[in-house]
Amino acid sequence: MSEAQDMLTARGLVRHFGGLRAVDVVDLDVPPGRVTAVIGPNGAGKSTLFHCLAGAQRPDEGRIRLGARDITRMADHRRARLGIARTFQVGSVFASLTVADNLRVGAENRGGASATARLLGLPDPARGRTRRAVDEALDAVGLTDLADVPAGRLPTGTLRLVELGRALAARPSVLLLDEPASGLDDAETVRLRVLLRRLADEGLAVLLVEHDMELVFGVADTVHVMAAGKVVASGPPAAVRDDPAARSAYLDPVGAAGPEGGA
């Protein structure tokens with residue numbers, strides 16, 4: 001589904017709020033064909049790191065690149081045009097639009113031409129491409145049968161899938177997911193895990209910030225554990241699970257902050 005094979009990289013990222021370093025000299029690679037996960041306790045800096053990568057916030061220090069292109073100061077909508085799609089921790093869909101129309105917004109945000117042509121009443125040469133992108137994304141997230149249903153009628157778990165579908169309809173090369181399993185039931189989470197694995201196997205670069213450890217350790221190729229703004233452990237899931245620093249910071253259930261904390 002992706003159109004490029006560029007790796008998203010971050011080097012020496014720092015983001016502070018007053019005297020607090022929410023992100024404290026973080027390096028991160030999000031390579032194509034892999035699922036990269038970031039986990040950690042409440043206040044670890046995961047969400048701030050995510051926002052810097054997505055373009056919602058700018059780091060105070062460090063660089064972010066997509067392939068060879070420096071995107072550190074680039075706005076989020078420009079990153080989207082380059083192939084970086086994201087979801088939100090708090091679900092964000094258009095309740096009055098159908099599921100298909102929600103996904104169409106994602107497809108048109110990447111291309112830009114369709115929305116402009118429709119606004120001006122001009123022929124839309126990209127209409128067929130947009131329709132195919134929407135149909136493919138509907139199929140990927142299992143929502144084809146709900147394509148014509150207004151999103152506002154759907155339960156929270158299904159809305160998460162609508163948001164994911166909207167991101168996929170943009171045909172990204174990099175997919176940034178902020179708590180995608182929130183609100184999903186067990187069956188939906190299993191489908192999400194299968195989908196993320198398939199997307200990565202097809203060449204997509206996937207970054208997952210998530211508290212569902214079963215999902216993380218079941219799908220991620222590389223796991224990074226954050227605590228107090230720093231990455232304290234990194235590696236394959238099995239290695240991270242046994243890492244003393246990771247267990248002390250987050251994975252040990254008797255620690256001060258467990259897997260149920262916020263981002």
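**Exercise 1. Glu179**

Task: State where Glu179 lies in this predicted model, and decide whether Glu179 is buried or exposed.

Solution. 
- Step 1: Glu179 belongs to the loop that runs between strand 7 (174-178) and helix 7 (186-201).
- Step 2: The relative accessible area of Glu179 is 5%. Buried means under 20%, so Glu179 is buried.
- Step 3: The backbone of Glu179 has a phi near 55°, which is positive in a residue other than glycine.

**Exercise 2. Other positive phi values**

Task: Find which element holds Val25 and what phi Gly55 has.

Solution. 
- Step 1: Val25 is part of strand 2 (residues 20-30).
- Step 2: Val25 is not a glycine, yet its phi is positive, about 60°.
- Step 3: Gly55 follows helix 1, and its phi is positive as well, near 100°.

**Exercise 3. Helix 1**

Task: Explain why helix 1 (residues 46-54) is described as largely enclosed.

Solution. 
- Step 1: The buried residues in helix 1 are Lys46, Ser47, Thr48, Leu49, Phe50, Cys52, Leu53 and Ala54.
- Step 2: These are eight of the nine residues of the helix, so helix 1 is largely enclosed by the rest of the structure.
- Step 3: For the protein chain of 263 residues, buried residues make up 50%.

**Exercise 4. Leu168 and the chain as a whole**

Task: Locate Leu168, give its burial and find how far its C-alpha atom is from that of Thr87.

Solution. 
- Step 1: Leu168 sits in helix 6, in a chain with 10 helices and 10 strands.
- Step 2: With a relative accessible area of 0%, Leu168 is buried.
- Step 3: Leu168 and Thr87 are 81 residues apart along the chain, and 9.9 Å separates their C-alpha atoms.
- Step 4: Over the protein chain, 69% of the contacts with a separation of 6 or more join residues 24 or more positions apart.

**Exercise 5. The largest cavity**

Task: Give the volume of the largest cavity and list the residues that line it.

Solution. 
- Step 1: The space in the largest cavity is about 40 Å³.
- Step 2: Its lining consists of Thr87, Arg160, Glu163, Leu164 and Pro180.
- Step 3: Sorted by class, this lining has two nonpolar, one polar and two charged residues.

**Exercise 6. The largest pocket**

Task: Describe the lining of the largest pocket, and find which element gives the largest share of it.

Solution. 
- Step 1: The volume of the largest pocket is about 520 Å³.
- Step 2: There are 23 lining residues, and Ala80, Ile84, Arg86, Phe88 and Asn109 lie nearest the centre of the pocket.
- Step 3: Two or more lining residues come from each of helix 2 (76-82), strand 6 (84-86), helix 3 (99-111) and helix 6 (156-169).
- Step 4: Helix 2 gives the largest share, five residues.
- Step 5: The classes in the pocket lining are 11 nonpolar, five polar and seven charged residues.

**Exercise 7. Rings and charges**

Task: Identify which arginine lies over the face of Phe88 and which over that of Phe217, then count the aromatic pairs.

Solution. 
- Step 1: Arg86 lies over the face of Phe88, 3.9 Å from the ring centre. Both residues are among those nearest the centre of the largest pocket.
- Step 2: Over the face of Phe217 lies Arg241, at 4.1 Å from the ring centre.
- Step 3: Ring centres within 6.5 Å are needed for a pair; the count of aromatic pairs comes to zero.

How values were computed
Residues are numbered from 1 along each chain as its sequence is written. This is a predicted model: local features need pLDDT of at least 70, side-chain atom pairs count only at pLDDT 80 or more; totals for chains, interfaces and linings use all residues. Side-chain values use heavy atoms; hydrogens and water are left out. Rings of Phe, Tyr and Trp (its six-membered ring) pair if their centres lie within 6.5 Å; planes under 30 degrees apart count as stacked, over 60 as edge-to-face and the rest as tilted. A charge sits over a ring if NZ of Lys or CZ of Arg is within 6 Å of the ring centre and within 35 degrees of the ring normal. On a 1 Å grid over the protein atoms alone, a cavity is a set of points where a 1.4 Å probe fits but cannot get out, and a pocket is an open set with protein on both sides within 12 Å along at least five of seven lines; lining residues have an atom within 4 Å of a point. Grid points are joined across faces, edges and corners, and a volume is the space filled by probe spheres set on the points. Ala, Val, Leu, Ile, Met, Phe, Trp, Tyr, Cys and Pro count as nonpolar, Asp, Glu, Lys and Arg as charged, and the others, Gly among them, as polar. Helices (H or I, at least four residues) and strands (E, at least two) are DSSP runs, numbered from the N terminus. Buried means under 20% relative accessible area, exposed over 50%, partly exposed in between (1.4 Å probe, protein chains only). Contact means heavy atoms within 4.5 Å.
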